[in-house]
Amino acid sequence: MDSQQYFENYNKKTHVIGRIVTIIVLVMLLGSPFLIGAILGAMPSMGAFAKGFLAVGLIWTVSSIVEFLVYTPMLGAGGSYLAFITGNLINMKIPCAVNARDLVGAKTGSAENEIISTLSIATSSLVTIVVLAIGVLLLQPLQPFLQSEVLQPAFNNVVAALFGAMAYKYFRGNMKIAAIPLTFMCLLFVLVPSLTGSTSFMIIPSGGIAILIAWLRFKKNKA
Amino acid sequence: MNILATLNSAPLYLICGGIIAFVAAVCVVFMIRAYKAGIAIGMDKTKMKRVITSSATFTILPSVGILLGVIALSGSLGLPWPWLRLSVIGALHYETQVAQAAAEQVGLSGLSAAEMTVQAFTTIALLMSVCIMWGMVLGLFFNKRYTKKLGSGSSSKKSGPSFADTAMTAMFIGLVSAYVASYVGGFISGTAEAKVYKLFGFQGDWIPLIVVVVSAAAMSFFLWLSEKKKKAWVESFSIAGSMLLGMAAAVLVNLF
C-alpha cells in the first residue's frame, strides 16, 4: 500500500472513530445532568431550561457555527473532532495547534498538517486533563476554606469578575461599537431596575444594537 | 448535608471522573493513530516528538489558568462539575456566563451556593451541556464533507475581511454591556433587599461594580505586560488572574 492510499484509509477511519466518539460524548454529557438528578432526587426543570436556552443558547449556537467553519480548516479532520470534544479552543487548542504547525512548517490541508494538528491537540488535551486532575486532588483539603463565610463574596461575584475582565478586552479598540449599547443598557437598567433579574434576556437587544452598529461601520468602511 | 457537600459527593466525582477518563482515552487513541500514520507516510519521527513536547509545555500554563477557573466555579457548583466542564468541551468564559444565565432562569438571584438547590444545579448543568454541544454536533454531520471540500483545493484563495468576525465581537460586546449595565442599574436603582427598587436611590449592591473595575484594571495590566513588556506567557493567565483579583477585591470590600 503506498503512503497516499494509507493516508486515505487513515482519514476514513478517523471520521468513523471521530463520529462514534462524538456520539458517545454527547450522550454522556447530555445524560449526566439527568443521571445526577436521578441519584440526588431532583431532575432538571425543563421550563427553566427552555427559557435559559432561549436567552443564551441561541448566541452560543451561532458562535459554535462560526467556530466550526473557521477552525476546522486550521485543525484538519482528527484535530477538529478532538478540539470540539475537549473545548478551550480560542484560549488554548488553536494557538497550540498553530504553534505546532509553525514548528514543522506544515501547510494547511496537507497530510502533514492533519497529523501534526491531531498530535498537538491530543497532547494538549491530555496535559489539561492531567493538570486539572492533580489540581482537583490537591484542592480536596482546601474545601472547608473555599466554603468559608469570608470567601463567599468572592464566589458570589465570579460573573462580575469575568465581565470586568472581558469588558476591558472587548471594549478597548471597539469603543465606537460598545458606547451606544453600554449607555442604552445602563439607562434601561437604572430606569427599569426590575430587569436586572432577567439580564440574560437583555443580551438580545444589547447584542442586536451592537451588531447593527458594527454592520453600519463595516458597510461604511467598505464603501 | 448542605448543598456544596451534596455537589461534592462521591457519585458526582464518579460520573464526572468517568467522562473525563473516557475523553482522555480517546485522546490517547487519536495520538497513537496519528503518530503511526505519520511514520507510515514518511514523516520525521523527531519532528513529531518535538510537536508533542512543545504542545505539552505550551499547554501547562494555560491549564493552570483553567484550574483557577475550576476554583472560581467550585464555590457555587461544587468541584466535580466545573472539573468536568473545564476538562472536557468547556471554556472558562462560556461556563460562567451560561451558569449565571441558567441560575437566573431557575429563579436564583445569581450564581451562589446560598440559594443553590439540587434541581437548580441539574438544570444549570443541562443548560451548560446543551449550549456548548453545537461544535460537536456540526462535526458529527459536516466534518467529513467540509474537510473533503477543503482538501480539494477550493479553499486556497483568501477572501477579504468578512463581517462574521466583527459580528462575533459585536455580539460579545452586547453581552458584556448588558451585564456591566445591570450592575450599574442594580447599584443606582436597587436596594439592599432583593426585588425592592428605588429609582436613583443609590442603595443597591456596589460590590459587583468594584469587582468589575478591579478585574478590568487587572486585565489591562496583564495585557500591558503581555503586549508591551513582551511577556506573552502572562496572557494565558489574564482572564483567570483578573477574575481572581476581582474576587479578592469583593472579599476585602466586604471585610472593611
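**Helix packing and burial in a predicted model**

Guide: Helix 1 (residues 3-40) of chain A packs against helix 6 (residues 118-131) of chain B at an angle of about 170 degrees, with their axes 8 Å apart. The model is predicted.

Visitor: What makes helix 1 of chain A roughly antiparallel to helix 6 of chain B?

Guide: The angle is about 170 degrees. Angles over 145 count as roughly antiparallel. Helix 1 of chain A is therefore roughly antiparallel to helix 6 of chain B.

Visitor: Which residues of helix 1 of chain A and helix 6 of chain B meet?

Guide: From helix 1 of chain A come Leu29(A), Leu30(A), Pro33(A), Phe34(A), Ile36(A), Gly37(A) and Leu40(A). Helix 6 of chain B supplies Val118(B), Phe121(B), Thr122(B), Ala125(B), Leu126(B), Ser129(B) and Val130(B). By class, this contact of helix 1 of chain A with helix 6 of chain B has 11 nonpolar, 3 polar and no charged residues.

Visitor: Why are helix 2 of chain A and helix 4 of chain A called roughly parallel?

Guide: Helix 2 (residues 46-86) of chain A and helix 4 (residues 111-139) of chain A pack at about 20 degrees, and their axes are 7 Å apart. The cut-off for roughly parallel is under 35 degrees. Helix 2 and helix 4 of chain A are therefore roughly parallel to each other. The crossing of helix 2 of chain A past helix 4 of chain A is right-handed. By class, the contact of these two helices of chain A has 8 nonpolar, 8 polar and 1 charged residues.

Visitor: Where do helix 2 and helix 4 of chain A meet?

Guide: On helix 2 of chain A, the contact includes Pro73(A), Gly76(A), Leu82(A) and Thr86(A). Their partners in helix 4 of chain A include Asn113(A), Glu114(A), Ile121(A) and Ser125(A).

Visitor: How do you know whether Gly38(B) counts as buried or exposed?

Guide: Gly38(B) has 0% relative accessibility. Buried means under 20%. Gly38(B) therefore counts as buried. This residue lies in helix 2 (residues 10-40) of chain B. Not counting residues up to four places away in sequence, Gly38(B) touches Ile115(A), Met43(B) and Met48(B).

Visitor: What is the make-up of chain B?

Guide: Chain B has 10 helices and 0 strands. Of its 256 residues, 60% are buried. The C-alpha trace of chain B spans about 70 × 45 × 35 Å along its principal axes. Its accessible surface comes to about 10600 Å², and carbon and sulfur atoms account for 67% of that.

Conventions:
Residues are numbered from 1 along each chain as its sequence is written. Chains are lettered from A and ligands numbered from 1 in the order in which they are written. This is a predicted model: local features need pLDDT of at least 70, side-chain atom pairs count only at pLDDT 80 or more; totals for chains, interfaces and linings use all residues. Side-chain values use heavy atoms; hydrogens and water are left out. Axes are lines fitted to C-alpha atoms, for helices over the stretch in contact, and angles run from 0 to 180 degrees between N-to-C directions. Helices (H or I, at least four residues) and strands (E, at least two) are DSSP runs, numbered from the N terminus. Angles under 35 degrees count as roughly parallel, over 145 as roughly antiparallel, 65 to 115 as roughly perpendicular and the rest as oblique. A crossing is left-handed if the near helix is turned anticlockwise from the far one by less than a right angle, and right-handed if clockwise. Contact means heavy atoms within 4.5 Å. Ala, Val, Leu, Ile, Met, Phe, Trp, Tyr, Cys and Pro count as nonpolar, Asp, Glu, Lys and Arg as charged, and the others, Gly among them, as polar. Buried means under 20% relative accessible area, exposed over 50%, partly exposed in between (1.4 Å probe, protein chains only). Accessible areas come from the Shrake-Rupley method with a 1.4 Å probe; for residues, only the protein chains shown count as cover.
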